Amino acid sequence: MGKSLTNNFLSALSLELSMLLQAGITVHNGVAMMLDDEQDPDGKKVFQSLLDKLEGAVPLSEAMHGVRCFPAYMVNMIEIGERAGRLSETLKGLSEHYERQERLAISIKNATLYPAVLLGLMVAVVLVLIVQVLPIFDDVFARMGAEMTTFAVTLMRFGNWFRGAALVIAIIFLAIFLVAFLIWAVPGVRAAASKFFRDKFGGSGVFGRAAACQFVSAMSLCLFSGLSIEDATDMAASINSDSKALNSKYKKLKTLLENDSNLANALRDSELMTARDSRMLSLGEQSGMADNAMAEIARRNDLTVQDEISAIVGRIEPTLVILTSVIVGVILLSVMLPLVNIMNTIG
């Protein structure tokens, strides 16, 4: 199998396996139970493949590696949990990790998709006005021996140009649609587009903070599973390693750690963690609860990033609505006011 699994599926699978292990049920029997209860055909295929690999009494991590649809990060973390004798706890941490990833993915999707739809609707409304409505008013004014305002005439000329170039514009939009469809439908193209986007924008702004949140989340899970700080840093960095800006921060973090800087200060100085979060982690290190402190920091950062993305979407929506209303209002006033003056003159 080569199909990638969703964050929701991975989170639910990890949580269910963790609960089954805590109840004293073996991994093999637990997967068999989940296979019997699964309704989705794709999910059944995954569970059946996993169950087949487990028949030889192999570890869960080895079975997942053989199925070839589970992310390498998940497989590696489960292997670490098996070696440390903390598989149930590691699975629970993975469930929380992938749940946070899903919430972040939804927030980022809403931040880009919804405003794009609103912008498209705004452009469509304005085009209908200048291409279809203004020529009608132009004929009305011509019959009355008058003219529209200069602004309205300019818009109408643009509409006429747009209508003449409609074929070329349609081809351009069709090409954009095909590219978008390829990105959505073809995993390889989608991965390449995602890599390009993260490389260009993944290290700054809200997307940079979202990536830092993912790093902290992965780091907390690695520390919880018993990894050393150096190994935890390498593994956490591997899930977001295709951004030059982020890679620069990761390298700075490793350099600081190699120079005997403590984890809290190194994360702060590499700009992967705020000063406030660094203080919390420092207190966690002093009390021997660095993994719990890191988990709490990851949870808070996740909520902060989601609130920030929601605030951005909340500002974009009314801005586009107001802008559309103003443009439509100006267009209508530019033709209605002269028409009102003509009617008053006739009256």
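I began with helix H2 (residues 27–37) and H3, which pack at an angle of about 155° with their axes 9 Å apart. Helices here are DSSP runs (H or I, at least four residues), numbered from the N terminus. Axes are lines fitted to C-alpha atoms over the stretch in contact, and angles run from 0 to 180 degrees between N-to-C directions. The angle makes H2 roughly antiparallel to H3 (the term applies to angles over 145 degrees).

Before going on, I noted that this is a predicted model, where local features need pLDDT of at least 70, side-chain atom pairs count only at pLDDT 80 or more, and totals for chains, interfaces and linings use all residues. Residues are numbered from 1 along each chain as its sequence is written, and side-chain values use heavy atoms, with hydrogens and water left out.

Next I checked the handedness: H2 passes H3 in a left-handed crossing (the near helix is turned anticlockwise from the far one by less than a right angle).

Which residues of H2 and H3 meet? From H2 I listed Val27, His28, Val31, Ala32, Met34, Leu35 and Asp36, and from H3 Lys44, Phe47, Gln48, Leu50, Leu51 and Leu54. Contact means heavy atoms within 4.5 Å. I sorted the residues of this contact into nine nonpolar, two polar and two charged. Ala, Val, Leu, Ile, Met, Phe, Trp, Tyr, Cys and Pro count as nonpolar, Asp, Glu, Lys and Arg as charged, and the others, Gly among them, as polar.

Then I turned to helix H4 (residues 60–67) and helix H5 (residues 72–84), which pack at about 165° with axes 8 Å apart. That makes H4 roughly antiparallel to H5, and H4 passes H5 in a left-handed crossing. On the H4 side I found Leu60, Ser61, Met64 and His65, facing Met74, Val75, Ile78, Glu79 and Glu82 of H5. By class, the contact of H4 with H5 has five nonpolar, two polar and two charged residues.

Phe47 sent me to the rings. I found three aromatic pairs in the structure (ring centres within 6.5 Å; planes under 30 degrees apart are stacked, over 60 edge-to-face, the rest tilted). Phe9 and Phe47 have ring centres 5.7 Å apart and planes at 40°, so the pair is tilted. Phe9 lies in helix H1 (residues 7–22) and Phe47 in helix H3 (residues 41–54), so the pair ties together parts 38 residues apart in sequence. Phe47 is buried at 3% relative accessible area (buried means under 20%, with a 1.4 Å probe and protein chains only).

Notes: Rings of Phe, Tyr and Trp (its six-membered ring) pair if their centres lie within 6.5 Å; planes under 30 degrees apart count as stacked, over 60 as edge-to-face and the rest as tilted. Helices (H or I, at least four residues) and strands (E, at least two) are DSSP runs, numbered from the N terminus. Buried means under 20% relative accessible area, exposed over 50%, partly exposed in between (1.4 Å probe, protein chains only). Angles under 35 degrees count as roughly parallel, over 145 as roughly antiparallel, 65 to 115 as roughly perpendicular and the rest as oblique.
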